Amino acid sequence: MKNDMKLVRRAKRGDVDAFAELYAGIYKDMYRFALYTLRNTSDAEDAVSDAVTDAFASIRKLRSEEAFKSWIFRILSNKCKDKLREYAGKNETGMEDIEELALDAGSEMTECIQVRKLFFELADEERLIISMHQFAGYTSREIAAILHMNENTVRSKESRALKKMGEWLQ
């Protein structure tokens with residue numbers, strides 16, 4: 001963590017290598033978040049790429065070195081929200097990439113695929129809230145601020161979505 005703060009300070013001064021090192025440390029989490037949210041590999045890659053480009057261009061504006069991860073995930077979540085708005089007009093399913101999501105599932109592959117398919121049956125907003133909490137590590141308060149919602153609303157939407165998935169599994 002202390003090393004990350006040094007890297008952030010260097011990146012804020014324009015050190016490309018420092019920014020690349022920070023990015024290398026969180027790329028997998030960013031990609032996983034985008035893939036779970038968007039359900040499409042190329043859209044997830046695009047969202048991550050756009051988020052990283054924007055983050056690099058504006059890192060000097062980052063106020064607190066400790067906030068780097070939440071800051072870059074906020075940028076990524078906004079990119080994903082933009083893409084979800086596009087999906088709403090196209091009515092895409094995004095299920096074509098479900099096999100990629102189960103690569104690391106091993107012997108539990110069938111169960112993982114089933115859970116992930118159910119996850120994708122959730123509404124976009126429910127999926128976004130769960131993704132932000134489970135995959136990006138945001139708290140309910142942070143999600144509420146990003147999505148411009150009440151903190152209790154975020155918690156209840158997440159709870160309902162998880163309950164819904166649990167009922168579907170039974």
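**View A. Ile 72 is in contact with Phe 19, Ile 26, Met 30, Val 52 and Ala 55, once neighbours within four places in sequence are left aside.** Contact denotes heavy atoms within 4.5 Å. The structure is a predicted model, in which local features need pLDDT of at least 70 and side-chain atom pairs count only at pLDDT 80 or more, whereas totals for chains, interfaces and linings use all residues. Residues are numbered from 1 along each chain as its sequence is written, and side-chain values use heavy atoms, with hydrogens and water left out.

**View B. The largest nonpolar core comprises 40 residues.** A nonpolar core is a set of buried Ala, Val, Leu, Ile, Met, Phe, Trp, Tyr and Cys residues joined through side-chain atoms within 4.5 Å. Buried means a relative accessible area under 20%, exposed means over 50%, and partly exposed lies in between (1.4 Å probe, protein chains only). Met 30, Phe 68, Ile 72 and Leu 76 have the most contacts inside this core. At least two of its residues come from each of α1 (2–12), α2 (16–38), α3 (41–58), α4 (68–90), α7 (124–134) and α8 (140–147). The most is given by α2, which contributes ten residues. Another core, of eight residues, lies apart from it and includes Tyr 36, Leu 118, Phe 120 and Leu 122.

**View C. The protein chain contains nine helices and zero strands.** Helices (H or I, at least four residues) and strands (E, at least two) are DSSP runs numbered from the N terminus. The order along the sequence is α-α-α-α-α-α-α-α-α. Of the 170 residues in the protein chain, 42% count as buried. Among contacts between residues at least 6 apart in sequence, 64% join residues at least 24 apart.

**View D. Leu 22, in helix α2, is buried at a relative accessible area of 6%.** With neighbours within four places in sequence set aside, Leu 22 is in contact with Asp 4, Leu 7, Val 8, Ala 11 and Phe 68. Leu 22 and Val 8 are 14 residues apart in sequence, and their C-alpha atoms are 7.4 Å apart.

**View E. Thr 37 belongs to helix α2 and is buried, with a relative accessible area of 0%.** The side chains of Thr 37 and Ser 131 are joined by a polar contact of 3.2 Å. A polar contact is a pair of N or O atoms within 3.5 Å; within protein, one must be able to donate a hydrogen and the other to accept it, and residues adjacent in sequence count only if both atoms are side-chain atoms. Not counting residues up to four places away in sequence, Thr 37 touches Cys 80, Leu 84, Arg 127, Leu 128 and Ser 131.

**View F. Arg 39 is located in the loop between α2 and α3.** Its phi is near 65°, a positive value in a residue other than glycine. Most residues other than glycine have a negative phi. Arg 39 counts as buried, at 9% relative accessibility.

**View G. Ser 70 lies in helix α4 and touches Tyr 138 and Glu 142, residues up to four places away in sequence not being counted.** Ser 70 and Glu 142 are 72 residues apart in sequence, yet 8.6 Å apart in space, C-alpha to C-alpha. A polar atom of the Ser 70 side chain lies 3.1 Å from the backbone oxygen of Ala 67.

**View H. The axes of α8 and helix α9 (residues 151–169) come within 8 Å and cross at roughly 105°.** Axes are lines fitted to C-alpha atoms, for helices over the stretch in contact, and angles run from 0 to 180 degrees between N-to-C directions. The two helices α8 and α9 are therefore roughly perpendicular to each other. Angles of 65 to 115 degrees count as roughly perpendicular, under 35 as roughly parallel, over 145 as roughly antiparallel, and the rest as oblique. Ser 140, Arg 141, Ile 143 and Ala 144 of α8 meet Glu 151, Val 154 and Arg 155 of α9.

**View I. Ser 140, in helix α8, is buried, with a relative accessible area of 14%.** Ser 140 touches Glu 151, Val 154 and Arg 155, not counting residues up to four places away in sequence. Ser 140 and Glu 151 are eleven residues apart in sequence and 5.8 Å apart in space, C-alpha to C-alpha.
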